[in-house]
Amino acid sequence: DCFYHELHRRAFDCLCRIADSVVHCAHIGSIGIVKPMSAARKEYFLLIGGLLLLALTAAVVYYIERVPDRSSDISEITTLVTAFGDKQKTVSLQQENTDALKLSIEAAYKQYVNESLLERWQADPMHAPGRVTSSPWPERIEIDAITPQGTGYIVSGRVINQTSSGSAGETHVVLFMMRAGDTWKIAEYQT
């Protein structure tokens with residue numbers, strides 16, 4: 001509201017300065033330099049200026065309301081990707097029982113990924129993120145960049161691998177985030 005009030009006040013000040021210039025020109029015209037402006041013409045000029053000011057204000061308000069709140073999106077995506085990265089160590093891809101592995105993948109990742117990606121990982125569990133060996137394991141995802149891409153976001157980062165004695169390197173990861181209802185979901189995951 002303060003922004004709109006300030007915008008309206010500045011536009012009104014500008015219109016008043018223009019009107020003062022018109023009055024000044026009319027005064028100069030009364031001494032013969034410029035043809036004087038009639039009162040009806042001044043009112044017409046102020047009416048047109050007011051309508052232009054109203055149209056400009058409406059256009060600015062429309063634009064501001066259409067710009068997405070990227071800071072809120074980025075905050076939600078950061079939280080989701082961080083939580084997803086913490087879950088990777090809980091999924092052991094070493095399981096021989098494929099049904100148990102599919103259930104493990106679903107339990108760990110369902111709230112973070114869209115249905116399509118979850119189904120692909122369940123159909124081919126070796127392409128799902130998780131523990132491939134007992135050590136090292138994926139400890140977390142560190143985000144390097146979040147970039148708008150169409151209606152979604154590209155997240156670039158690193159999966160930090162860990163052993164009981166410390167860090168064991170990192171793997172670059174790229175995620176594509178898409179809105180699913182009122183939440184963000186991971187639609188693609190590539191290492």
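The buried residues of helix H5 pack against helix H3 (70–87), helix H4 (98–109) and strand E4 (183–190), where contact denotes heavy atoms within 4.5 Å and where helices (H or I, at least four residues) and strands (E, at least two) are DSSP runs numbered from the N terminus. The model is a predicted one, in which local features need pLDDT of at least 70 and side-chain atom pairs count only at pLDDT 80 or more, while totals for chains, interfaces and linings use all residues. Residues are numbered from 1 along each chain as its sequence is written, and side-chain values use heavy atoms, with hydrogens and water left out.

Within H5 (residues 115–123), the buried positions are Leu117, Leu118, Trp121 and Gln122, buried being under 20% relative accessible area, exposed over 50% and partly exposed in between (1.4 Å probe, protein chains only). Viewed down the axis of H5, these buried residues fall within an arc of 135°, so they line one face of the helix; the arc is taken from the directions from the helix axis to the C-beta atoms.

Helix H4 contains leucine 101, which counts as buried because its relative accessibility is 3%. When neighbours within four places in sequence are left aside, leucine 101 is in contact with Val91, Ser92, Leu93, Gln95 and Pro125. The C-alpha atoms of leucine 101 and methionine 126 lie 10.0 Å apart, with a separation of 25 residues in sequence.

An open sheet of 4 strands is arranged in the order E1-E2-E3-E4 with antiparallel pairing, two strands being paired if DSSP finds at least two bridges between them. Strand E1 (137–149) and E4 stand at the edges with a single partner strand each, so one side of each is left without a neighbour in the sheet. Neighbouring strands are turned by 30° against each other on average, direction ignored. Strands E2 (residues 152–163) and E3 (residues 166–180) pair in the antiparallel sense over 10 bridges, and arginine 158 stands opposite histidine 172 in E3. Helix H3 lies across E1, E2, E3 and E4 and runs at about 160° to E1; axes are lines fitted to C-alpha atoms, for helices over the stretch in contact, and angles run from 0 to 180 degrees between N-to-C directions.

Residues of the lining of the largest pocket are supplied by H5, E1, E2 and E4, at least two by each.
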